[in-house]
Amino acid sequence: MPKTTLRTAATLCAGALALALSACGSATTDGAAASSTAASATKTMSGEASSSAPMTDKPTSGATTDKAMAAGAYISLADYKSAMADYADTAVVLFFHASWCPDCKATDTSLTTDGVPDGLTVVKVDYDTETDLKKKYGITQQHTFVEVDPEQMAVSKWTGTKTGADILAKTA
């Protein structure tokens with residue numbers, strides 16, 4: 001699928017998420033907190049902002065919320081643990097990744113190349129070393145995704161997703 005189509009789909013998904021959040025009466029943040037969230041969310045696995053996906057703290061077009069949509073991010077588990085509050089305004093999905101897994105590599109390439117849609121944070125978790133997290137969430141195979149709430153409780157779990165837009169579409 002062409003990158004333009006993926007970006008359009010990601011933008012539409014982000015807009016739908018923003019509308020859903022505004023309908024639920026989500027909490028608002030002050031401008032400083034929104035800017036801080038957007039700034040820290042632009043960090044990717046390499047520590048740099050992704051240039052292929054829009055990373056902005058402006059609402060997605062069509063959004064009716066009074067707060068900015070948090071920029072999408074693909075980050076390491078260590079980065080997430082050190083600044084969990086910065087990602088509270090996004091859907092947080094743990095991606096149990098193994099370096100030897102072809103599907104994991106394809107998803108990793110997609111997330112780093114095409115970016116992550118606004119409103120989504122994907123946390124890369126090493127399947128081979130994070131045994132406590134695997135046990136906590138009942139992970140039995142690599143390439144598994146777990147959406148977590150701010151208290152780190154599992155909201156949903158699935159396997160097989162390959163792109164940021166597909167991951168966002170699976171979130172609650």
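# A chat about the fold

Me: What share of the contacts with a separation of 6 or more is between residues 24 or more positions apart?
Reply: It is 68%. Keep in mind that this is a predicted model.

Me: OK. How many helices and strands are there in the chain?
Reply: The chain has 6 helices and 5 strands. In sequence order the pattern is α-α-β-α-β-α-β-α-β-β-α.

Me: How much of the chain is buried?
Reply: Of the 172 residues, 44% are buried. The exposed surface comes to about 8,400 Å². Carbon and sulfur atoms supply 55% of that surface.

Me: Now the sheet. What is the order of its strands?
Reply: The order is 1-3-2-4-5. The sheet is open, has 5 strands and shows mixed pairing.

Me: Which strands stand at the edges?
Reply: Strand 1 (73-76) and strand 5 (154-159) do. Each has a single partner strand, so one side of each is left without a neighbour in the sheet.

Me: By how much are neighbouring strands turned against each other?
Reply: On average by 25°, with direction ignored.

Me: Remind me, what holds strands of a sheet together?
Reply: They pair through backbone hydrogen bonds, either parallel or antiparallel.

Me: Then take strand 1 and strand 3. Parallel or antiparallel?
Reply: Parallel, with 4 bridges joining them. Alanine 73 has threonine 121 of strand 3 opposite.

Me: Are the faces of strand 1 covered or open, and by which residues can I tell?
Reply: Both faces are covered. Ala73 and Ile75 point to one side, Tyr74 and Ser76 to the other, and all are buried.

Me: What about strand 2 and strand 4, parallel or antiparallel?
Reply: Antiparallel, over 5 bridges. Strand 2 covers residues 91-97, and strand 4 covers residues 144-148. Look at valine 93, which stands opposite glutamate 147 of strand 4.

Me: And which residue of strand 5 is opposite glutamate 147?
Reply: Serine 156. Strand 4 and strand 5 also pair in the antiparallel sense, over 5 bridges.

Me: How many residues lie between the strands in that hairpin?
Reply: There are 5. One of them deserves a look: glutamine 152 takes a positive phi near 70°.

Me: Stay on strand 4. Is valine 148 buried or exposed?
Reply: Buried. Valine 148, which lies in strand 4, has 5% relative accessibility.

Me: Which residues is valine 148 in contact with, leaving aside neighbours within four places in sequence?
Reply: Tyr80, Val92, Leu94, Tyr137, Met153 and Val155. Take valine 92 as a case. From valine 148 the separation is 56 residues in sequence, yet 5.8 Å in space from C-alpha to C-alpha.

Me: Switching to helices. Which strands does helix 4 lie across?
Reply: Helix 4 (residues 102-114) lies across strand 1, strand 2, strand 3 (120-126) and strand 4. The helix runs at about 140° to strand 2.

Me: Is serine 110 in that helix buried or exposed?
Reply: Serine 110, part of helix 4, is buried at 10% relative accessibility. Not counting residues up to four places away in sequence, serine 110 touches Gly115, Lys162, Thr163 and Gly164.

Me: How many salt bridges does the structure hold?
Reply: The total is 2. The other pair is lysine 124 with aspartate 108, at 3.2 Å from N to O. Lysine 124 is in strand 3 and aspartate 108 in helix 4, so this pair ties together parts 16 residues apart in sequence. Aspartate 108 counts as buried, at 17% relative accessibility.

Me: Last topic. How many disulfides are there?
Reply: The count is 0.

Me: And cysteine 101 and cysteine 104, buried or exposed?
Reply: Both are buried. Cysteine 101 has a relative accessible area of 3%, and cysteine 104 has 0%.

Key: Residues are numbered from 1 along each chain as its sequence is written. This is a predicted model: local features need pLDDT of at least 70, side-chain atom pairs count only at pLDDT 80 or more; totals for chains, interfaces and linings use all residues. Side-chain values use heavy atoms; hydrogens and water are left out. Two strands pair if DSSP finds at least two bridges between them. Helices (H or I, at least four residues) and strands (E, at least two) are DSSP runs, numbered from the N terminus. Axes are lines fitted to C-alpha atoms, for helices over the stretch in contact, and angles run from 0 to 180 degrees between N-to-C directions. Contact means heavy atoms within 4.5 Å. Buried means under 20% relative accessible area, exposed over 50%, partly exposed in between (1.4 Å probe, protein chains only). Accessible areas come from the Shrake-Rupley method with a 1.4 Å probe; for residues, only the protein chains shown count as cover. A disulfide is a pair of cysteine sulfur atoms within 2.5 Å. A salt bridge is a side-chain nitrogen of Lys or Arg within 4 Å of a carboxyl oxygen of Asp or Glu.
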